[in-house]
Amino acid sequence: FETTSLQQFPLHYYLHVSLNSNTADVKEGIWALVTLISLLTLSDQWVYARSDLRFVVATLAPALVSKRKVIGQLARTAWGVLAWAFTLLPRTHPTWRKPEDPSLAHTELGARGKAFRFLNNNSVVDLRIYLIRGLLLSPSEDDVDATVGEVSRALLVLKAMISGSQRADYETACRVLQRLVCDIGSGKQSAGILDDMRPTSQIFEVTISEDAPKKFKDVAQRASELDLERIRVLSEAEIVYHYSDLVETWAEAVERTVKLSAELPTSLQDAWQSLLLMKADLTQENQHLASTGGFASQIVDILTKFLVTSEETNVQASCLVVVKRLWSVMKNVFARSWLPAEKILASVLKVKFTLEDER
C-alpha cells in the first residue's frame, strides 16, 4: 500500500502515515481528516469514479478505531460524507429499481448500485446506519416502484446490522425498524426527508482558528452524531409493498433477542403493534379490530418460530417471556374473540421445557 500510494496517490499516502504514526499528535490527525473530508466534499458524487477510492477507505480504517476520540468522530464524519455523495448518484438504472440481486456482476450495475455495494461491503463498526440514512433520504412517492431500490436495500442493510457481531448494531437496528413503521395509521409523513446529509461547514471554518484543536472537540462530536429522527419514515403504501420483508426483518430481530436471552426491546414491541395494525380492520358489529383468518394463521406461525428448543434454561425462559410480551401487544390491538389463543397455546405446549425451580 505505502509503496504504491506514495508514487501514484501521494496525498493519501501522507494522510495514511499521519494517522498511523505512533508519534503523531492530535493536530496531525485532525489536519489529515479535515483534508480528506474536504477532498470528498469537493468530489461529491464523482468520488465514486475516482481511482483512489479504495485508498480513502484504507486511510479511514485506522482513524475509525483510534483511541483519540476526536479522530474517531472526524473519521465517522468522513464516512458520512461518502454516504452523502452516494445520495447524489442517479436512480435511473434499471437494476436499481429492483431489490438487490447478489448474482448480478459488478459490471451490470449502474453507478448507484456499484456505490451501494462498495459502502455496504466496506462499512465497519456501526457505519451501516449512514447508508440506511442515505438510502431513505429520497421522499416517498405514490408510485412505490420508484422507491423499491432504496427501501429493499435499506432492509437488507438493517438485517446485516441485526445479525452482526456488535450488540450495539442490533440495538440501533431495532430502533430504526420501529421508526420505519411508526406512522402506520397516522396518515402523516414524519420528518427526515429534508435532511440532505451535507457535511457541516463548521468542520472547515474551525480549521483556520488559532485554537482549532480545542474547538474541534465540540464540532467533531456534533458532526459525527446521527439522530435517528432524521431517518425517513416509510409511507403506508411502502409498508404495504414491503410488508413481508418488514415482518421478516422484525422476526430476525426478535430471534436475536431470544438468542441473547435479553429483554424484548420496547422498540420491537412497538414495531409489532404497528405491523399488526397494518392488517387490522374495524368490524361494524362490535367496533373491535379484527383481521382475516389467514393472518391469524400467519401470526401463529410467527410466534411459533420463537419457541426454540434449547437445553439452556435462560434461552427457554427468554422464549416464554418474548411470546408473552408479543401476546400482550396482540390483546391491545385485536378483539379477544378474534385472537387465535388456542392455537398459540397448543404451539407452546408442544415445546419441551426443562426450566428449573431456582427458589
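The buried residues of α6 are Arg112, Gly113, Ala115, Phe116, Arg117, Phe118, Leu119 and Asn120, where buried means under 20% relative accessible area, exposed over 50% and partly exposed in between (1.4 Å probe, protein chains only). The model is predicted, so local features need pLDDT of at least 70 and side-chain atom pairs count only at pLDDT 80 or more, while totals for chains, interfaces and linings use all residues. Residues are numbered from 1 along each chain as its sequence is written, and side-chain values use heavy atoms, with hydrogens and water left out.

Helices (H or I, at least four residues) are DSSP runs numbered from the N terminus. With 12 residues, α6 reaches 17 Å from its first C-alpha to its last, close to the 16 Å expected at 1.5 Å a residue, that is, 1.5 Å times one less than its number of residues. The cover over the buried residues of α6 includes α4 (53-64), α5, α7 (128-135) and α8 (148-163).

Glu108 counts as partly exposed because its relative accessibility is 43%. Beyond its neighbours within four places in sequence, Glu108 is in contact (heavy atoms within 4.5 Å) with His93 and Thr95. Thr95 is 13 residues away along the chain, and the two C-alpha atoms are separated by 8.1 Å.

Turning to helix α13 (residues 243-260), which holds Thr249, this threonine counts as buried because its relative accessibility is 0%. A polar atom of the Thr249 side chain lies 2.7 Å from the backbone oxygen of Asp245. Neighbours within four places aside, Thr249 is in contact with Leu155, Leu158, Lys159, Ile162 and Leu177.

Notes:
Helices (H or I, at least four residues) and strands (E, at least two) are DSSP runs, numbered from the N terminus. A polar contact is a pair of N or O atoms within 3.5 Å; within protein, one must be able to donate a hydrogen and the other to accept it, and residues adjacent in sequence count only if both atoms are side-chain atoms.
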